[in-house]
Amino acid sequence: MKTPDFLVLGSGLAGLSFAALMAKAGRSVRLIEAHEFPGGYGHSFVLANKYKFNAQLHYAWDCRPGEPVHRLLEALGIADEISFDFFDSAGFDRMRAPGIELDVPFDYQLLSQRLCDLFPSHKSNIQAFIRLIPWTGRSLNRYGGSMRKSGVGDKAIAFAKLRKYLRATLQDVFDEHNLPLEASLALLHVTAESRLFLCMGGTSAWLSLRSL
Ligand SMILES: Cc1cc2nc3c(=O)[nH]c(=O)nc-3n(C[C@H](O)[C@H](O)[C@H](O)COP(=O)(O)OP(=O)(O)OC[C@H]3O[C@@H](n4cnc5c(N)ncnc54)[C@H](O)[C@@H]3O)c2cc1C
């Protein structure tokens with residue numbers, strides 16, 4: 001068998017994106033997957049012949065023209081074939097638990113307000129945590145962004161700021177902000193929308209998209 005230019009282990013979003021880009025660029029790629037389905041966390045499966053579940057991935061961000069996902073699709077020549085729908089900006093997730101009703105909006109100020117209404121005695125900690133969400137996103141954009149847009153100096157500054165959180169778990173960040181368990185549960189899901197899912201192991205796929 002001919003030796004490929006690239007051997008990619010794992011067909012998750014990171015492996016698939018890289019393999020597809022290299023193949024599109026005319027390089028030979030061998031992609032090896034241990035599971036019976038491709039896609040990693042991005043695959044879906046059916047139970048009882050009728051219920052379809054996402055393994056993990058249920059939202060996509062940065063899909064508009066000029067943004068990383070769109071640029072990836074453009075680079076692969078398939079941007080016109082794939083369209084995206086917006087979730088409800090007033091409450092794209094609806095969380096219901098005893099004593100907690102939270103519709104998660106796009107807007108961070110509104111989110112902060114709703115969470116502070118739910119947990120008034122933790123207002124300042126919640127506000128500090130919510131401020132961290134777009135901050136992490138901006139820093140990751142600069143750190144993972146293309147060299148054309150962010151130079152080495154920009155990346156070094158972003159890395160210095162992010163360093164504190166690169167090895168942190170989400171629980172570490174909750175603890176740092178001294179959040180009560182109930183607020184942490186509500187925020188657990190919200191942080192997936194933030195770039196804080198960096199703390200949960202999504203960095204490789206995300207940064208590979210960012211560096212396009
Ligand atoms: C609960 C949860 C919800 C999430 N929701 C979202 C969301 O809504 N939107 C979003 O953008 N991101 C979401 N993420 C993050 C997203 O799922 C991951 O960032 C992304 O799927 C990671 O892709 P990956 O290619 O790095 O790894 P993976 O998806 O883990 O893929 C790795 C692949 O490698 C294979 N593999 C491993 N070892 C070997 C080996 N030795 N040989 C061959 N194959 C191997 C595995 O079987 C797997 O298929 C979520 C994550 C979690 C935990």
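Me: Which residue stands opposite Leu102 in strand 6?

Reply: Met95 does. Strands here are DSSP runs of E of at least two residues, helices are H or I runs of at least four, and both are numbered from the N terminus.

Me: What am I looking at, and how is it numbered?

Reply: This is a predicted model: local features need pLDDT of at least 70, side-chain atom pairs count only at pLDDT 80 or more, and totals for chains, interfaces and linings use all residues. Residues are numbered from 1 along each chain as its sequence is written.

Me: Is Leu102 buried or exposed?

Reply: Buried, because 22 other C-beta atoms lie within 10 Å. The cut-offs, with C-beta atoms placed from the backbone, are 20 or more within 10 Å for buried, 12 or fewer for exposed, and partly exposed in between.

Me: And what is Leu102 in contact with?

Reply: Met95, Arg114, Leu118 and Ala186, leaving aside neighbours within four places in sequence. Contact means C-beta atoms, placed from the backbone, within 7 Å.

Me: Where's the largest nonpolar core?

Reply: It has 14 residues, and those with the most contacts inside it include Leu115, Ile126, Phe129 and Leu187. Strand 6 (100-104), helix 3 (108-118), helix 4 (123-144), helix 6 (170-176) and helix 7 (181-193) each supply at least two of its residues. A core here is a set of buried Ala, Val, Leu, Ile, Met, Phe, Trp, Tyr and Cys joined through C-beta atoms within 7 Å.

Me: What does Leu187 touch?

Reply: Phe129 and Leu179, not counting residues up to four places away in sequence. There is also a second, separate core of 5 residues, which includes Val8, Leu13, Ala14 and Ala19.

Me: Which residues of helix 1 are buried?

Reply: Leu13, Ala14, Gly15, Leu16 and Ala19. Helix 1 runs over residues 13-24. Just after helix 1, Gly26 takes a positive phi of about 90 degrees.

Me: Switching topic. How do strand 3 and strand 4 run?

Reply: Antiparallel, with 4 bridges joining residues 44-47 to residues 51-54. Ser44 stands opposite Asn54. This hairpin has 3 residues between its strands, and Ala48 in the turn has a positive phi of about 55 degrees.

Me: Which loop holds Asp62?

Reply: The one between strand 4 and helix 2 (68-75). Asp62 has a positive phi of about 60 degrees although it is not a glycine. Asp62 is partly exposed, with 16 other C-beta atoms within 10 Å.

Me: What about Asn178, buried or exposed?

Reply: Exposed, with 12 other C-beta atoms within 10 Å. Asn178 sits in the loop between helix 6 and helix 7. Its phi is positive too, about 55 degrees, although Asn178 is not a glycine. Most residues other than glycine have a negative phi.

Me: How many helices and strands are there in the chain?

Reply: 8 helices and 6 strands. Of the 212 residues, 18% count as buried.

Me: Where does pLDDT stay under 50?

Reply: Over residues 197-212. The chain averages 82, and 85% of the residues score at least 70. pLDDT is the predictor's confidence in each residue, from 0 to 100.

Terms used:
Two residues are in contact if their C-beta atoms, placed from the backbone, lie within 7 Å. Two strands pair if DSSP finds at least two bridges between them. The expected span of a helix is 1.5 Å times one less than its number of residues.
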